[in-house]
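Here is a friendly walk through a protein structure for someone meeting it for the first time. Keep the 3D view open while you read.

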Amino acid sequence: MRSVPTTSLDLTDPDVVADPYPHFARERELHAVTGGVAWHEGSGMYLTFAHASVGQVQRDRRLGRLWQDKEPLDYLEPFNLLHRNQMMENEPPEHTRLRRPVASAFGRGHIERLRPRVRELAGELLAEVDPTGFDVIEGYAEPLPVLVIADLLGVPRSYAHDLRDWSQAIVRMYEVAPSQETVDHAVWAATDFAGLARELAGERRTSPQDDLISDLVATELTDDEVVAAVVLLLNAGHEASVNVFGNGLNAMLQRGLRPGADVPATVEEMLRFDSALQLFERTATEDVEFTHGEQTVVVEEGQKIAALLGAANRDPAVFDEPDEFRVDRTPNSHLAFGVGVHFCLGAPLARMELAESVPALFDAFPDLELAGEPESRGTFVLRGFRSLPVRGTHV
């Protein structure tokens with residue numbers, strides 16, 4: 001018998017997917033004696049429900065991202081190829097080697113140079129919507145970051161719609177129990193996505209341009225590593241922005257809120273309140289102890305443990321009135337972008353895009369309000385909306 005509490009929380013339950021936070025709160029309280037750590041029989045791994053334990057999972061270098069190819073190997077090779085060669089699925093020194101060539105492109109100075117372009121795109125997109133009613137996801141939140149990351153990498157605008165479709169098909173594989181249809185779509189998307197990335201990389205080797213793909217092919221990265229990096233950046237470079245925007249905007253409009261005078265503070269609250277990424281797995285490379293008071297949980301070598309980021313971001317031990325959305329909340333030590341070696345490389349870009357796109361929307365439509373029932377993507381791990389109908393003016 002295990003000495004640690006166990007949890008039977010069903011991460012695929014529609015009620016949990018629709019609103020996981022009350023469930024997290026109950027589990028955090030039930031497992032307070034172990035600091036919010038509990039064994040989850042359904043997935044065969046530990047789950048962490050508290051800010052402190054989630055932070056430890058992400059900071060402890062003995063808990064790593066150790067990619068294992070998914071089976072059947074032949075059929076899933078297009079999907080596996082993109083993941084075994086990307087930085088997010090590797091630990092140092094491989095992680096460092098794969099991350100270094102792209103890190104400079106996401107430095108503060110370079111991101112600031114993109115700010116005027118983000119403002120320009122925001123204005124163009126808002127000028128095209130119907131103020132009497134439009135889907136803010138389809139018309140604004142999705143295309144803006146897709147176009148920005150495509151421009152940064154050097155992917156033609158004509159592929160913007162394909163990029164979004166491929167990305168959504170691939171990330172659905174990260175859910176708790178993907179269906180065979182989800183698997184099939186992910187294989188198709190990985191094949192086509194990698195094909196485009198490989199074609200563009202080949203073009204840049206003979207005709208370099210002022211873009212990130214040209215920079216990547218000039219490094220020591222292999223062909224497969226360049227392709228994996230391009231796909232990862234195109235995926236991660238917009239997924240967070242789209243879902244944080246939709247989740248945060250829905251939360252504000254449901255409460256009749258507007259961005260505060262301190263826009264960056266509002267952005268941080270959007271990141272905290274309804275996390276776009278809910279679960280991030282690690283594997284123990286040796287026995288790791290989680291100690292809380294007199295209780296110790298040992299995650300044995302080879303066992304998995306998951307950081308539940310949304311649970312951490314609603315922990316009342318860290319956040320006053322965690323279930324309230326405060327546009328001016330400070331301090332705000334959320335873990336939405338992770339911490340440690342796998343801290344999100346695109347965080348500065350996502351923050352800048354949100355800091356520009358959110359106030360631009362409310363400046364264009366001061367009376368913005370919901371115009372219908374939002375439609376969830378129906379996923380747990382990557383949480384977001386498929387559509388969010390709004391109107392900027394009454395007919």
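What follows is a short tour of sheets, a helix, ring pairs and a few local details.

## Before we start

Keep in mind that this is a predicted model. Every value below is computed from it.

## The six-stranded sheet

Let's begin with an open sheet of six strands, ordered β1-β2-β3-β9-β6-β4, with mixed pairing. At its edges you'll find β1 (6-7) and β4 (63-64), and each has a single partner strand, so one side of each is left without a neighbour in the sheet.

Further in, β3 (residues 45-48) and β9 (residues 304-308) run parallel to each other and pair over four bridges.

## The three-stranded sheet

Now for another open sheet, this time of three strands in the order β5-β13-β10, with antiparallel pairing. Here β5 (134-135) and β10 (369-370) take the edge places with a single partner strand each, so one side of each is left without a neighbour in the sheet.

Strand β10 and strand β13 (residues 389-391) run antiparallel and are joined by two bridges. Look across from E369 and you'll see R391 in β13 standing opposite. As a bit of background, strands of a sheet pair through backbone hydrogen bonds, in either the parallel or the antiparallel sense.

## A helix with a buried face

Which residues of helix α5 (residues 94-103) are buried? They are H95, L98, R99, P101 and V102. Looking down the axis of α5, you'd see these buried residues fall within an arc of 155°, so they line one face of the helix.

The structure has ten aromatic pairs. One of them is F24 with F49: the ring centres are 6.3 Å apart and the planes lie at 55°, so the pair counts as tilted. This pair links distant parts of the chain, with F24 in helix α2 (residues 21-30) and F49 in the loop between β3 and α3, 25 residues apart. Both F24 and F49 are buried.

Another pair is W166 with F193, whose ring centres are 5.1 Å apart and whose planes are at 40°, so this pair is tilted too. W166 belongs to helix α9 (residues 160-171) and F193 to helix α10 (residues 180-206), so the pair ties together parts that are 27 residues apart in sequence. W166 and F193 are both buried. Going back to F24 and F49, ring pairs link them with Y21 and F380 into a cluster.

## Charges over rings

Rings also meet charged side chains here. R65 lies over the face of F280, at 4.2 Å from the ring centre. Likewise, the charged end of R272 sits over the ring of F319, at 5.2 Å from its centre.

## A closer look at E289

E289 is part of strand β7 (residues 288-292). With 49% relative accessibility, E289 counts as partly exposed. Setting aside neighbours within four places in sequence, E289 is in contact with Q56, T296, V297 and V298.

How far apart are the C-alpha atoms of E289 and W188? They are separated by 41 Å, and the two residues are 101 residues apart along the chain.

## Backbone details in the loops

One joins E71 and P72, with omega about 0°, and P72 lies in the loop between β4 and α4 (73-84). Another joins T330 and P331, with omega about -5°. P331 sits in the loop between α14 (309-312) and α15 (347-364).

The loop between α14 and α15 also holds E321. Phi of E321 is near 45°, a positive value in a residue other than glycine. At 46% relative accessibility, E321 counts as partly exposed.

Technical notes: Residues are numbered from 1 along each chain as its sequence is written. This is a predicted model: local features need pLDDT of at least 70, side-chain atom pairs count only at pLDDT 80 or more; totals for chains, interfaces and linings use all residues. Side-chain values use heavy atoms; hydrogens and water are left out. Buried means under 20% relative accessible area, exposed over 50%, partly exposed in between (1.4 Å probe, protein chains only). The arc is that of the directions from the helix axis to the C-beta atoms. Two strands pair if DSSP finds at least two bridges between them. Rings of Phe, Tyr and Trp (its six-membered ring) pair if their centres lie within 6.5 Å; planes under 30 degrees apart count as stacked, over 60 as edge-to-face and the rest as tilted. A charge sits over a ring if NZ of Lys or CZ of Arg is within 6 Å of the ring centre and within 35 degrees of the ring normal. Contact means heavy atoms within 4.5 Å.
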